[in-house]
Amino acid sequence: MKYHGVTLHRKLENNIGLLIFGILFISSIGGLVQVLPSIFQESLKTATENSHLYSAVELTGRDVYIREGCHVCHSQQIRPLLAEVERYGPYSRADEFVYDRPFMWGSKRTGPDLHRIGGKYSDDWHRVHLIDPRSVINNSIMPAYPWLAEWEATDLGDIQKKMSVLRILGHPYTDEEIAAAPEEIAGLSQLDALIIYLQVLGTGLAEEYR
Amino acid sequence: MGNLLLFVVLHTPGVVFRQIAEGNTRIIGSVQKLTFLLILLPPVFSFIGSTLFGWRLGAADPLYFDSTARVIISFFYADALILGYISTALIARWMSKTYGGGKVPTASLFAFFTVVLAPICIASAAHIFPHIFFNVLVLIPTIIWSMTLLYRGLPVVMNIPPERGMLMSSSLVGWLLVAFVSLLGLSAALWTYGIGPSIGV
Amino acid sequence: MISDGREIYHDGVVKRLIQFSIIWAVVGMVVGVWLAAQLIWPGLDFGQFWLTFGRIRPLHTNGIIFGFGVSALMATAFYSVQRTSNVPLFMPRLAWICCYGWQVLVLLGGISLLAGWTSTKEYAELEWPFDIVITILWVCFAVVFFGTIATRRIRSIYVSNWFYGALIIVIAMLHIVNNLALPVSINKSYSLFPGAQDAIVQWWYGHNAVGFLLTGGFLGMLYYFLPKQSGQPIWSYRLSVISFWAFTYTYIWAGPHHLHYNSIPEWVQSLAMVMSLILLAPSWATMINGIMTVSKAWRKLSVDPALKFIVLALAFYGLATFEGPMMAIRSVNIVSHFTDWTIGHVHSGALGWNAMITYGTFYYMVPHMMGRELYSVRLANIHFWLALAGTMLYILAMWGAGVSQGLLWLSIDDIGELSYSFNDVMAAMVPYYALRLVAGLIFLAGTVLMAYNLFRTMYGRHTVAVSPPLIIDELQGTVYKEEPREPSSGNAQEVPA
C-alpha cells in the first residue's frame, strides 16, 4: 500500500494504449476548459459598430502586409496602459478584430504599433516611406519595398475567390461587392493597396470610444 | 589591513581560498568584515550616479528621479544584494552534501563568496556613470572574472575534486542567473506599482 | 535473439537524421546571425524581396525548430525507443520515409516562406499544403514510435518514452486545431477563427509547441541520455512520474500569458498567469532530478565533453523555466511584453537548453554508433566554452535591450507626457543589437566546430575503431528484462544501462 501511487502508475507504463489515452486526456483538459469556451464566446466574434469589414482593395493590401511579414516587427494591439494610449491612440477592443483572419496582433515591436496608424500620415508619406524608409526616418531599420510599386494588385490571387471564402466564414460580402471586386483593384499597384489598408487600420472605432 | 586584504583578494585569490579551506579564522574574519564594505558599494555608486547623471538608457535624455525615489531604489538594491549574497552562501551549504563537500563552516562559505563577488562589487563603480550599455560592457569581463574565481575556488574551499566542483559551480551559476533575473523581474513589477521611475500604466 | 549486434537496431536512419539535424542547425543559425545583422544594417537584404527581414525571420525559427529540433528529436526517439523496448524499429521503412519526408518538407517549406507563403501564426507559418504533409509525416512518426513500444520485449515503458509520446500526441492535437483554415488557393488560406479567438488558439499552440516540443521532447532526450552517459539511474523515479503528469496537465493552460492586456477576456489571462506560476514546480522537479543524477557521475566529467553540455543545459533549463513564469506575471509582463526581453528568454531556452542538450547528446551518440572515438575532444571542449560564452552574451544583451525598451516606452514625465519617442528608443537599441550579433557569431562558430568534429568522426579515415557498439551490453541490467519486480526504492525504473 505504501507504493499505491506507483502501483497505479505501473498500469499506465505497462500499457501503451492506456498511456496514450492518459496523455491525451490530461493534456486536453486545459484546452477544453480555457480555449473552447473562448471559441463559443459570442462577443469575441460578433460584429459591432466598431468592426470594419475590409473592402476588396483593403483585403488585398492586408494580404500584401501578411506576405511581406510586416507583423513580424509591427504589432496591431494597443494595451490599455496610459503610455501606450498616449503613444498610439485608444486601446484595442476585441470587436475591432472580428474580420481579422488571421489576427495580426504580433508579439514584438521592433517597429511601432500600427493598430491606429490609419490617418496619422498622408498617403504620400507612406509611399515615400515604404519605398525608401531611411529618406524619411534616418535611423530606420525597416527594409525598403520599392518593388511593391511595380507589382500589380491583381497578381495577388483571385480576389473574388478570397471574398467568397471569407463569406463562407461569415464575412457579410454581398454578391454585388464580390462582382465589383476585380474592377476595384484593377490598375492599382500592391503599394497602393497596402497604403489603403494602412490608412483604414484602427479607424473603425466608434466615436464614443475615442 | 582592510585595503591590503582587498588587494590580496583581487591579486592572489588562490592564497585566500587555501586559507579559507584551512579554516584560518583570522583571514575568514577579515574577509567577512570586507563584505560589508563591498556589498554597499553598488547601491552607493548607483545613488551617486543617478544623482549626478541620471539613468542613461541610450535614449536622448537621461531619466532623473527625485531624492526619495533614489533612496528607495538604492535601498531595494542593497536589500536585494544582501539577500542574494546570504541565500547564495546558504544554498551552497545546502548543496555541499550532494557534491561531497562535507561540513564546511558557513563562515567560510560567506568568506568564499565575498572573494568571488569582489570583482563585481568593485566594478560597480561603473554605476557612477549609469549609462546602461556602458555598465553591460563593464559587467561582461567582471562576470567572467567572478565565474573563474567560482569555478577555481569552490573545489579548494569545499575540499572536493575539481569535477565535483565544476558540477556544483554550474548549479550555483544556475542559481545566480535565476537570482539576477529575479532582480530584473522584481524591478519591473515595482515600476508597475509606481516605485522607481514613473511609467504610464 | 542477438546474433549480430550490428543488425538488431536500425541505426542508419538515426545517423542520417543526426546529419540533417546538424546541417539545419548551421543553416538556421546562419540565418539567425544574418537577421541580427539586418537589424543593424538593413541594407543586408540587398534589395531582394525574398531576403527581407519579414520573410527570413520565419525561416530562422522554422529552420531551427522543425529542421534542427524535430530532426534531433526523431533521431534520439528512434535511437532510444529501440533500446528501451529491446526491439528493432517497427516498420523501419516508414522511419526512413519520415526521415527524408521531413527534410523535403523543411526544405520546400523554407522556400515557400521566402516566397511569401505564410499563415502568419508564429511557429506555424507554413501554409495549408505543408500542414497536411506535416500531419501525414507526424502520423508516420507516431506509428513507428508507438509501434516499436507496442512490440517491446521489456514490460515497462521507460520514462523518456512518456515524454516522446507526449510530444507526438500533444503536438498532433495542437497542430491540427491551430491550422484549421479554409484554403483559397495553393498558397493562401483564411483561418477558421476570427481575431481574438484566433489569437487565443494560436498561443495555445505557440506556447505548447515550446512546451511539448522544445521542453517535453528534449526532456525525453535528457531522461534517456543522461543516465546512459553518466552511468547512473535517474535519481528519483517517483519525482519523474509526478513531474511528468503535472507538466502535461499544467503546461497547456499557460498559453494566453502571451496575450496579457490584449483584447481577450481577463479571466483567460489570469488563469494563464496562475497556471504559468504553478508550472515552475514540475519544471524544476525535473531539473532537480537531472542535477541529482548527474551529481553522482562527476568522475566521468573530466573525460567526457558531452556530459559538460548536459550539466550546463540543466542550468539554463532552470533559468528559462524560472524566467518564463516570472514574465507571465502581469505586472512584469507590462514591461517585458513586445520587447527584446522575450527574444532573450526564448534564446536562453533555445541556445542554453535545447541546443546544449542536443550537442551533448550528439557528442555521445555519434562515437557510440560509429564505434569510433570522437575525432577531437579538444575541439569539443572549445565548442563548450564558445557555446557558454555565446549564450551568456546573448542573454545579457537582450536583458539590457528588453528592460531598457520596456522602461523607455512606458516612461512619462512630471506632467504625464511620454518622455521618449519611439525613434529615441530604437536608437538606444543599436549597441545591444551589435552585442547580440557578436554573441550569435560565437555560438554559430561553436556549432560549426561541432559539425566539423562530428562529420570527421563519421567519415574520417584516421580514426581508430575502439569497439563495436555495445549493443549486447546495453540490454543487460534492465530491471524488467526478465521478471518485473516491484519497486523497492525510489529508483525503481532504471534505464537499461
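# A guided tour of three chains

Start by selecting Asn159(B): its relative accessibility is 67%, so this residue counts as exposed. You are looking at a predicted model, so treat each stop as a feature of that prediction. Asn159(B) sits in the loop between helix 6 (132–158) and helix 7 (162–192) of chain B. What is the phi of Asn159(B)? It is positive, about 60 degrees, although Asn159(B) is not a glycine. Most residues other than glycine have a negative phi.

**Stop 1: all of chain B**

Now select the whole of chain B and colour by secondary structure. Along the principal axes, the C-alpha atoms of chain B fill a box of roughly 50 × 35 × 25 Å. For 201 residues, a compact globule would have a radius of gyration near 17 Å, and the 18 Å of chain B agrees with that. Of these 201 residues, 51% count as buried.

**Stop 2: all of chain A**

Switch to chain A. How many helices and strands are there in chain A? There are eight helices and zero strands, in the pattern α-α-α-α-α-α-α-α. The box around the C-alpha atoms of chain A is roughly 80 × 45 × 40 Å, taken along the principal axes. Of the 210 residues of chain A, 55% count as buried.

**Stop 3: a charged pair in helix 1**

Select Arg10(A) and Glu13(A) and show their side chains. Side chains of opposite charge can pair when their charged atoms come close. Arg10(A) and Glu13(A) form a salt bridge, with the closest N and O atoms 3.2 Å apart. Both residues lie in helix 1 (residues 4–14) of chain A, three residues apart, about one turn of the helix.

**Stop 4**

Next, select Arg67(A) and Glu68(A). Their closest N and O atoms are 2.8 Å apart, and the two form a salt bridge. Glu68(A) counts as buried because its relative accessibility is 1%; Arg67(A), at 13%, counts as buried too.

Then move to chain C and select Arg57(C) with Glu122(C). This salt bridge has its closest N and O atoms 3.1 Å apart. Arg57(C) lies in helix 3 (residues 53–85) of chain C, while Glu122(C) is in the loop between helix 4 (92–114) and helix 5 (128–150), so the pair ties together parts that are 65 residues apart in sequence. Both Arg57(C) and Glu122(C) are buried.

Back in chain A, select Arg79(A), Glu84(A), Arg109(A) and Asp113(A): salt bridges that share partners join these residues into one network. Over all chains, a search of the whole structure finds 17 salt bridges.

**Stop 5: two surface patches**

Which residues form a negative patch? They are Glu86(A), Asp66(B), Asp413(C), Asp414(C) and Glu417(C). Zoom in on Glu417(C), in the loop between helix 13 (377–410) and helix 14 (422–428) of chain C. Its relative accessible area is 46%, so Glu417(C) is partly exposed.

For a nonpolar patch, select Leu32(A), Val33(A), Leu36(A) and Phe40(A), which together have about 390 Å² of accessible area. Leu36(A) belongs to helix 2 (residues 16–40) of chain A and is partly exposed, because its relative accessibility is 37%.

**Stop 6: backbone details**

Most peptide bonds are trans. Select Arg101(A) and Pro102(A) to see a cis peptide bond, with omega about -10 degrees. Pro102(A) is in the loop between helix 4 (82–88) and helix 5 (123–131) of chain A.

Finish at Phe46(C), in the loop between helix 2 (12–38) and helix 3 of chain C. Its phi is near 55 degrees, a positive value in a residue other than glycine. Phe46(C) counts as exposed, because its relative accessibility is 54%.

Conventions
Residues numbered from 1 in each chain as written. Chains lettered and ligands numbered in written order. Predicted model: local features only at pLDDT ≥ 70, side-chain atom pairs only at ≥ 80, totals over all residues. Heavy atoms only, no water. Salt bridge = Lys/Arg side-chain N within 4 Å of Asp/Glu carboxyl O. Helix = DSSP H or I, 4+ residues; strand = E, 2+ residues; numbered from the N terminus. Buried < 20%, exposed > 50% of the residue type's maximum accessible area, 1.4 Å probe, protein only. Patch = residues over 30% accessible without salt bridge, like charges linked within 9 Å, V, L, I, M, F, W, Y side chains within 5 Å. Areas by Shrake-Rupley, 256 points an atom, 1.4 Å probe, with all protein chains shown as cover. Lys, Arg positive; Asp, Glu negative; His and termini not counted. Charge placed at Lys NZ, Arg CZ, Asp CG, Glu CD. Rg over C-alpha atoms; globule rule 2.2 N^0.38 Å.
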